[in-house]
Amino acid sequence: MLAASAKPGGLKKVLGPTDLILLGIGAIVGTGIFVLTGTGAVTAGPALTISFIVAAMACCFAALCYAEFASTVPVAGSIYTYSYATLGEFVAWMIGWDLLLEYGLATSTVAVGWSGYFQSLMSGFGLVLPDALTAAPGARPGVDTLFNLPAFLIMIALTAMLSLGMRESARVNNVMVIIKTGVVLLFIAVGVGHVRPENWEPFMPYGMGGVMSAAALVFFAFIGFDAVTSAAEEVKNPKRDLPIGIIGSLVVCTILYVVVAAIMTGIVPHLDFKGVDHPVSLALQVAGENWVAGFVDLAAILGMSTVILVMAYGQTRILFAMSRDGLLPSKLSTVHPKYGTPFFATWLVGIIFGLIAAVVPLNVLAELVNIGTLAAFTLVSIAVIVLRKKRPDLPRAFRCPGVPVIPGLAIVFCLVLMSFLSWHTWLAFAIWLAIGAAVYFGYARQRSLLNKPQ
């Protein structure tokens with residue numbers, strides 16, 4: 001047995017390869033393509049396309065490592081479980097602790113973005129909320145805001161969906177993914193005719209420094225494919241389907257991002273995206289295609305909904321795995337007898353991070369989410385190398401090619417991107433990890449099932 005997490009857990013096996021690819025696209029195509037493309041364009045200029053490719057390469061190398069582990073250790077918990085199997089309990093705890101914050105803040109951040117698009121769409125029908133219920137305190141200068149009601153309500157609605165069962169959640173996710181991907185393709189088809197090549201000159205106005213800074217920022221746009229691995233225990237044929245889901249969703253999303261970024265910066269001069277939180281809609285409005293812009297707003301709402309859904313799902317499964325190993329209270333790994341889901345953990349996550357979305361301005365959290373993810377990707381790449389040396393005989397349905405070169409490239413790419421993040425982000429990350437270490441030595445270590453006498 002590789003780890004305590006590897007024992008049976010009672011989750012229903014209901015997902016196939018198509019579900020997994022759509023689950024990954026559901027997590028990836030959202031805030032990144034609808035919001036961060038504008039910020040990235042201001043940072044890198046038209047060379048934003050290169051920034052996406054750099055970020056995608058880091059993800060691709062890490063994805064091959066993820067695919068090997070996901071097909072070898074097909075249980076709930078994602079990188080937490082993989083680290084447990086190879087690098088030991090303390091490292092697994094720290095990376096699990098890291099992912100709890102990453103996924104949680106990702107759901108809260110995206111919920112706030114969802115709220116902005118939703119309120120914009122509703123205002124077109126003359127429906128406007130009181131100022132006090134439109135945003136967190138202090139989020140809008142000069143406006144007395146108290147509570148972001150739409151952000152809280154979308155978190156609660158999606159939590160209810162997740163608590164009722166993954167089969168039902170996957171069906172809803174699949175429909176929303178198909179709709180929003182269709183709208184992105186509509187943007188490409190309509191927008192390509194309005195591209196003015198002169199807007200791509202100069203192509204790299206801020207040099208490679210701007211390209212790499214933008215890559216470190218838009219890395220957030222790719223967060224999500226790793227959440228597919230959290231579904232391992234609910235996949236019908238994990239050894240075959242997980243690698244398909246991980247790599248397939250990443251390839252599809254990379255192509256979409258690069259094409260959309262090229263068309264956007266070809267329609268609108270990159271500096272015009274400064275301070276814009278709806279860059280795709282803006283490009284269509286500039287092109288005079290307002291009818292398509294309305295569809296994009298709707299797709300953004302659906303897109304962000306699926307991101308919240310998949311990230312919240314991933315977080316609850318990590319909580320489930322850590323609790324099952326004895327590192328967190330056992331209540332978090334109880335499975336509902338009817339719905340077959342970690343019911344209590346799902347609602348706990350939904351309520352806590354729904355409240356955070358409602359009362360905390362989250363305008364600087366993308367970097368904090370990014371550094372946690374990059375750290376996780378670095379860990380899984382190291383773990384592949386370690387496990388190949390420790391257990392070369394272990395059956396692997398999918399083998400990462402070129403070990404140790406490919407995992408080494410993943411580590412290098414991730415560390416380089418991390419170096420472009422601000423020192424404030426590094427400080428906040430260090431504080432969170434310090435708290436995690438204190439919780440491990442003060443609580444989790446004594447209760448670990450791995451450390452109990454057999």
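1. From H12, Gln-315, Thr-316, Arg-317 and Leu-319 make the contact with Ala-345, Thr-346, Val-349 and Phe-353 of H13, where contact is heavy atoms within 4.5 Å.

2. A word on the basis: this is a predicted model, so to speak of local features takes pLDDT of at least 70 and side-chain atom pairs count only at pLDDT 80 or more, while totals for chains, interfaces and linings use all residues. Residues are numbered from 1 along each chain as its sequence is written, and side-chain values use heavy atoms, with hydrogens and water left out.

3. Helix H5 (residues 89-123) and helix H16 (residues 423-447) have axes that come within 10 Å and cross at roughly 130°. H5 and H16 are therefore oblique to each other, and their crossing is right-handed. On the H5 side the contact includes Trp-93, Met-94 and Trp-97, and on the H16 side Phe-429, Trp-432 and Phe-441 are among the residues met. The contact residues come out as 14 nonpolar, 1 polar and 2 charged (Ala, Val, Leu, Ile, Met, Phe, Trp, Tyr, Cys and Pro are nonpolar, Asp, Glu, Lys and Arg charged, the others, Gly among them, polar).

4. Now the second largest pocket, with a volume of about 250 Å³. Its lining has 13 residues, and Leu-100, Gln-315, Ile-352, Phe-353 and Trp-432 lie nearest its centre. (A pocket is an open set of points on a 1 Å grid where a 1.4 Å probe fits, with protein on both sides within 12 Å along at least five of seven lines; lining residues have an atom within 4 Å of a point.) H13 gives the most, with 5 residues. By class, the lining has 12 nonpolar, 1 polar and no charged residues.

5. Check the two cis peptide bonds. Glu-201 and Pro-202 are joined by one, with omega about -10°, and Pro-202 sits in the loop between helix H7 (166-191) and helix H8 (207-218). Another joins Val-403 and Pro-404, with omega about 10°.

Terms used:
Axes are lines fitted to C-alpha atoms, for helices over the stretch in contact, and angles run from 0 to 180 degrees between N-to-C directions. Helices (H or I, at least four residues) and strands (E, at least two) are DSSP runs, numbered from the N terminus. Angles under 35 degrees count as roughly parallel, over 145 as roughly antiparallel, 65 to 115 as roughly perpendicular and the rest as oblique. A crossing is left-handed if the near helix is turned anticlockwise from the far one by less than a right angle, and right-handed if clockwise. Grid points are joined across faces, edges and corners, and a volume is the space filled by probe spheres set on the points.
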